[in-house]
Structures are given as C-alpha cells and as structure tokens.
Amino acid sequence: EEDDVKLALIKFYNQLSGGSGNPNLGWDINTDPCTNWTGVFCNSKLTAVKKIVLDNMLLSGTPDADSLCAAESLTVLSLNNNTITGDIPQGMESCTQLTHIFLSGNKLSGNLPGSLSNLNNLKRFNISHNNVSGVLPDFSRISGLVSFLVQNNSLTGEIPQFDFKNLQDFNVSFNNFTGPIPDLKGRFSVDSVMGNPGLCGSPLPNKCPKESKITVEKVLTYSGYMILGLVILMFIVFKLVSNKKPKNEKIHDVAKMESGIDSSSKNHSKVTSSDYKSDVIRSEYSITSETGMVSSSLVVLTSPIVKGLKFEDLLKAPAELLGRGRHGNLYKVIFEDGMTLAVKRIKDWSISSEEFKSKMQRIDQAKHPNVMDLVAFYCSKQEKLVVYNYQQNGSLFKLLHENENVGRFDWGSRLSVAATIAETLAFMHEKLYADGIPHGNLKSSNIVFNKNMDPCISEYGLMIVEHQDYSSTSSVQGGSFKSANQSRDGTDSTFEVDIYGYGVLLLELLTGKQVQNNGVDLARWINSVVREEWTAEVFDKILIKEGASEERMLHLLQVALKCIDFAQESTRPTMKEVAEMMNIIKEDEEERSIDVYE
Ligand SMILES: Nc1ncnc2c1ncn2[C@@H]1O[C@H](COP(=O)(O)OP(=O)(O)OP(=O)(O)O)[C@@H](O)[C@H]1O
C-alpha cells in the first residue's frame with residue numbers, strides 16, 4: 001500500500017486503541033501491512049488491504065471512517081469483542097467495497113448513520129451487543145444482504161421490509177423496535193424478534209391491532225408514542241443526572257440496611273466508574289433490594305478469592321450486561337482489585353430459598369474440572385443470583401459463529417470439545433442422578449473456555465427448559481419426545497433434556513449452523529436430509545475443505561441422531577453411553593492422525 005494509506009490506517013488504529021491497545025501489532029509505517037501488520041489481510045498480490053480483523057484486542061477508542069476508508073479495497077472490518085465507544089462513524093459509505101461489518105460486543109452508542117444503506121456491497125452486518133439507538137437506515141435496499149444481526153441494542157422504529165427469502169441470519173431481539181413484524185417467510189423463529197415489547201404479529205403471540213382507516217387517529221397514535229418516548233427520554237436523562245454519586249450511596253445504604261452488613265469490612269468496595277450500563281444494573285439490583293423483604297448475605301461456596309464477598313459488594317461494583325437470556329441476565333462484575341465475576345440473575349424461579357440453597361450445594365459438591373465452579377450464590381424472596389468466575393476466552397457459540405477465523409476451529413478440536421463435554425455431562429449425571437438435577441439448558445453459549453482453553457460447562461442446574469415441543473423433530477422419525485417431565489422446579493425432571501441438548505450441540509459442531517428454536521429446526525432439517533440420503537450435505541463446508549474424515553463425521557452424526565431421537569425408550573442412550581461412543585470416535589481419530597504423520 002502507498003504511504004498515505006499506511007499513515008491513515010495507523011491513525012485509525014491509534015484512535016481505536018485509545019492508548020490502551022496492544023502496541024505490538026506491528027502497524028508501522030516502515031513495514032508492509034500485507035506481511036507484517038497483525039490483523040491485516042491483503043489481496044493475493046499483496047498490493048491492497050482487503051480485511052482488517054482486530055477482534056478481542058482490548059481496543060477502547062472510537063473508530064474513524066475517514067482514515068479507515070483510505071484503504072479503498074477494504075472488504076471486511078471486524079472489531080468484535082473490544083470496548084470500542086462512541087458512534088458508528090459517519091462516512092463509512094466511503095468504504096464502498098465493504099462486504100462485512102462486524103462490530104459485535106462493544107460499547108458503541110448513538111444512532112446508525114443513514115448513509116450506511118449506501119453500502120451496496122454489504123453482505124453481513126453485525127452490531128449485536130452494543131448500545132446503539134435510534135431508527136435503522138433503510139438496509140432493505142441492499143439487495144445482497146445475507147446476515148443482519150443487531151440484537152441487544154436499544155434500536156427503535158420499525159423493522160425494515162427485508163427480502164427474508166435471501167437472509168441467512170436475522171436477529172433484532174432485545175431492542176425497542178415497534179410496529180408489525182414483516183412477513184419473515186417462516187424462516188426465522190421468535191428468538192429473532194423477542195424482547196421488543198412494542199412489536200406485534202407472527203411469530204410473536206400478540207396480534208397487531210387492526211389497521212385504523214382514519215389517518216388522523218394514526219397520527220395521534222404516533223404522536224402519542226413520540227410524546228411517550230420524549231417523556232421516557234427525559235426521565236432517563238433526569239435519572240442519569242441525578243443518579244451520579246449521591247445515588248450510589250443511596251443504593252449502598254438500602255442494601256446495607258436490608259442485609260445488615262457493614263461494608264467497611266470489605267476491600268472490594270469503592271466505586272469509581274460512571275459507566276452508564278453499570279448504573280443501570282445497579283439500579284436494577286437496587287429496585288429489587290428496595291422492594292425485597294429481608295435480604296440474606298451471599299453464600300460463598302468454593303473460591304477463597306471471594307471469601308467475605310457480600311451481596312452489597314456486587315451492587316456496588318461496576319457491572320456490564322453480557323446477555324439477556326431467556327431465564328435471566330448475565331452480568332460481568334468488575335471489582336477494584338481486578339477480580340472479575342460473572343453473575344447470573346435468575347428471573348421468575350418459583351423455588352423456595354431452602355430448595356435453591358440445597359440444589360446449589362449439591363451441584364457444588366459434584367465437582368468436575370470441566371464444569372464452571374459455583375463461586376457463590378445469593379437468594380432472597382425476589383432475587384436469585386449465582387456467581388461464577390468470569391472467563392474471558394469466550395464461548396463455544398462464539399468460536400463457531402462469531403469469529404472471523406472460524407476455519408481455525410478444526411475437526412480435531414471440535415471432536416475433542418464434544419468428547420470432553422460428553423464425559424463431563426456423564427459424570428455430572430451420575431453424581432446428581434439421585435437429586436434429579438440435570439443441566440437443563442445445555443447449548444453452545446453455555447460452554448465457555450477457561451484460561452487453558454479447556455471447555456467448561458456453565459450454568460449447570462440453574463433451570464430446567466420450559467415446556468418444549470420436540471415432537472415435530474422426532475415425528476420425522478416417527479416418534480415423539482416426551483417433555484412432560486421438564487418441570488421448572490425439577491421435581492420430576494429427567495436427564496433426557498440434556499441428551500437432546502447434547503445431540504443438538506453435536507449437530508451445531510458438525511454443520512457450523514446456528515441453532516434456532518432450541519435446535520428443533522436444525523434437527524428437523526438434518527433428519528430430512530439424512531432420510532433423502534444426502535447425508536454429506538449437512539457437514540460444515542469448512543470441515544470438508546479441511547479434509548476432515550467423512551467416515552468419522554458420519555459416526556458423530558449417528559451419535560447426534562441417537563441423542564435427538566426419542567422415538568423409542570429402548571434405543572435412547574444414557575449420557576454414559578454417549579460418552580463411550582464419543583471416546584471410540586475420538587480414539588479412532590487420534591490413531592488415524594498418528595498414522596498420517598508416520
Ligand atoms: N462465566 C462466564 N464468563 C464469561 N462469559 C460467560 C460466562 N458464562 C456465560 N458467558 C457468556 O455470556 C453470554 C451471556 O450468557 P447468558 O447465559 O446470559 O446467555 P444465554 O446462554 O444465551 O442465555 P440463557 O443461558 O439464559 O438461556 C454468553 O455469550 C455466554 O457464553
């Protein structure tokens with residue numbers, strides 16, 4: 001690249017890193033970006049920058065489009081999982097060749113520039129898990145768009161009329177979108193739109209109100225919304241202004257009063273952050289505390305690091321929302337001394353405190369190195385919190401779907417993760433059989449990687465899946481999965497739900513496809529393809545390209561099909577049997593790969 005392009009890109013990086021980025025990425029004017037700069041990928045002749053991929057680089061500044069678009073051939077910009085702040089910059093439309101924009105998992109805010117809809121080559125757009133607000137530009141005019149992921153932001157307005165037949169991925173969940181949901185052509189489930197209280201129509205259960213013929217009425221309705229919006233906005237601004245320091249004290253005092261705890265005994269306590277999200281989370285906690293009856297203090301289970309940790313300490317430390325799950329939110333809570341915890345706030349679990357306590361203790365006793373340790377838990381009438389160590393290496397879901405370098409998650413590693421999880425689950429099932437405590441919500445986002453990159457099952461036993469209808473899956477094979485015993489309080493729960501979940505996990509690993517509708521869609525698709533004897537069609541193209549053994553992939557597929565086939569009790573494997581099958585496939589793979597090198 002020319003020197004002026006190099007200079008512009010260095011400026012772009014410096015602004016992004018905000019002084020806190022990794023200085024050793026080699027972005028130096030005296031070197032060639034195509035060969036020496038980390039995160040930069042060029043065309044085959046090494047003459048023009050095509051991709052910039054700086055995921056997970058601790059970048060915390062603000063992106064600058066003018067500098068970025070000096071690289072005229074740029075097609076991919078990927079800055080996932082940093083802490084980038086500020087607006088999505090104006091001027092991105094100057095990067096005319098952009099096909100992929102990945103900005104997921106940052107702290108971006110402000111509105112989306114309308115000019116983004118001029119990026120005619122855009123194929124994949126992912127700004128999920130930020131704090132972006134305002135209405136969407138008219139993305140529906142970009143005809144080649146195949147992936148649109150904006151979940152977990154604060155976006156408003158109506159959902160554009162996309163060409164849903166051509167979209168492969170679509171998710172607008174957990175925003176503030178309003179109005180009728182466009183016809184999704186049956187291609188996306190409720191998961192893609194949930195968490196928007198103002199949306200109506202299929203696939204949501206609430207019907208849209210009948211169209212009014214009187215336009216004046218409409219005008220009045222919309223102005224009503226606007227006024228309401230304004231009032232809410234003013235309320236939020238007022239809250240934010242009055243929420244600063246003195247408010248923290250109040251929350252602190254309330255918690256103190258209720259828990260009867262003196263915070264001076266704890267050194268994790270001082271709060272300095274004025275982070276918006278943490279304010280929100282603190283006030284969420286505080287609302288519960290204020291309405292709560294008598295709070296008890298946090299029960300610390302294993303970790304000596306958090307000995308003496310109080311519920312109040314959790315309230316006071318800055319927290320960041322990691323995800324809004326169906327069964328509650330997960331927060332990353334950072335203490336002054338650097339200790340970082342993941343706190344699951346479980347909603348609507350009608351279980352008595354005693355039951356909850358004994359359940360948590362039983363899970364804690366059944367220790368396994370590949371199950372996330374329960375660090376502590378808290379339980380009052382209104383509030384149930386479960387505390388884990390925060391794991392910064394991401395989840396299996398991220399590794400499979402959100403990483404630009406998906407090609408790096410090769411067949412051998414997938415098999416090894418699958419075998420480890422099977423063995424771990426078999427162990428937990430055996431230990432907790434008598435207590436009737438399965439995992440209940442096994443999926444790729446609940447498998448996180450620890451610092452050694454070993455997979456660990458998270459959120460074990462926190463909830464049993466609500467009533468699911470798996471019958472549509474198995475009916476392809478002529479049976480139906482009995483889900484009657486999936487009661488939330490675990491009274492007569494069985495372990496089948498985990499075996500089904502594990503089967504779906506295997507399908508996800510084999511196909512590289514995202515799971516919708518609790519795996520029912522994926523399982524149904526696989527079943528239909530297998531029936532038509534096009535089995536090889538289901539495998540992830542990356543695995544085929546890598547030259548993974550089709551024979552072993554088929555074996556794995558057979559295990560998956562056994563796990564999701566609930567046609568007959570006699571053929572249903574236990575987790576122990578699944579683990580044994582997995583071990584045989586893994587050993588076979590290991591033996592063959594040794595042969596290749598000899
Ligand atoms: N201990 C942990 N450390 C770091 N990240 C975690 C930890 N546990 C879970 N995560 C990640 O945080 C995100 C949010 O988790 P959360 O459990 O709220 O979402 P979910 O699994 O989609 O929902 P749910 O489990 O309620 O159905 C996920 O990406 C998950 O992989």
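These legends walk you through several close-up views of a predicted model.

**View 1. Helices H12 and H15 cross each other.** Start with helix H12, which covers residues 496–511, and helix H15, which covers residues 550–564. Their axes come within 7 Å and cross at roughly 150°. Angles over 145 degrees count as roughly antiparallel, and H12 and H15 are therefore roughly antiparallel to each other. The crossing of this pair, H12 and H15, is left-handed.

**View 2. Side by side: the residues where H12 meets H15.** On the H12 side, look for Ile499, Tyr500, Tyr502, Gly503, Val504, Leu506, Leu507 and Leu510. They meet Met553, Leu556, Leu557, Val559, Ala560, Cys563 and Ile564 in H15.

**View 3. The shell of residues around the ligand.** Here 20 residues surround the ligand, and the closest are Gly323, Gly325, Leu330, Ala342 and Ser395. Strand S13 (319–325) and strand S14 (328–334) each supply at least two residues of this shell. S13 gives the most, with three residues. The shell divides into eight nonpolar, ten polar and two charged residues.

**View 4. Glutamate 2, ahead of helix H1.** You can find glutamate 2 in the segment before H1 (3–17). Glutamate 2 has 9 C-beta neighbours inside 10 Å, so it counts as exposed. Now look across to alanine 48: its C-alpha atom and that of glutamate 2 are separated by 9.0 Å, although the two residues are 46 residues apart along the chain.

**View 5. A cis peptide bond at proline 203.** Most peptide bonds are trans. The bond from serine 202 to proline 203, however, is cis, with omega near 5°. Proline 203 lies in the loop between strand S11 (198–200) and helix H4 (215–242).

**View 6. Positive phi at leucine 58.** Most residues other than glycine have a negative phi. Leucine 58 is not a glycine, yet its phi is positive, at about 60°. Leucine 58 is found in the loop between strand S2 (49–53) and helix H3 (65–68). With 13 other C-beta atoms within 10 Å, leucine 58 is partly exposed.

**View 7. Positive phi at methionine 453.** Methionine 453 is a residue other than glycine with a positive phi, near 65°. To find methionine 453, follow the loop between strand S18 (447–449) and strand S19 (455–457). Is methionine 453 buried or exposed? Methionine 453 has 11 C-beta neighbours inside 10 Å, so it counts as exposed.

Methods
Residues numbered from 1 in each chain as written. Predicted model: local features only at pLDDT ≥ 70, side-chain atom pairs only at ≥ 80, totals over all residues. Axes fitted to C-alpha atoms, helices over the stretch in contact; angles between N-to-C directions. Helix = DSSP H or I, 4+ residues; strand = E, 2+ residues; numbered from the N terminus. Parallel < 35°, antiparallel > 145°, perpendicular 65-115°, else oblique. Left-handed = near helix turned anticlockwise from the far one by under 90°. Contact = placed C-beta atoms within 7 Å. Near = placed C-beta within 6 Å. Nonpolar A, V, L, I, M, F, W, Y, C, P; charged D, E, K, R; others polar. Buried ≥ 20, exposed ≤ 12 C-beta atoms within 10 Å, placed from the backbone.
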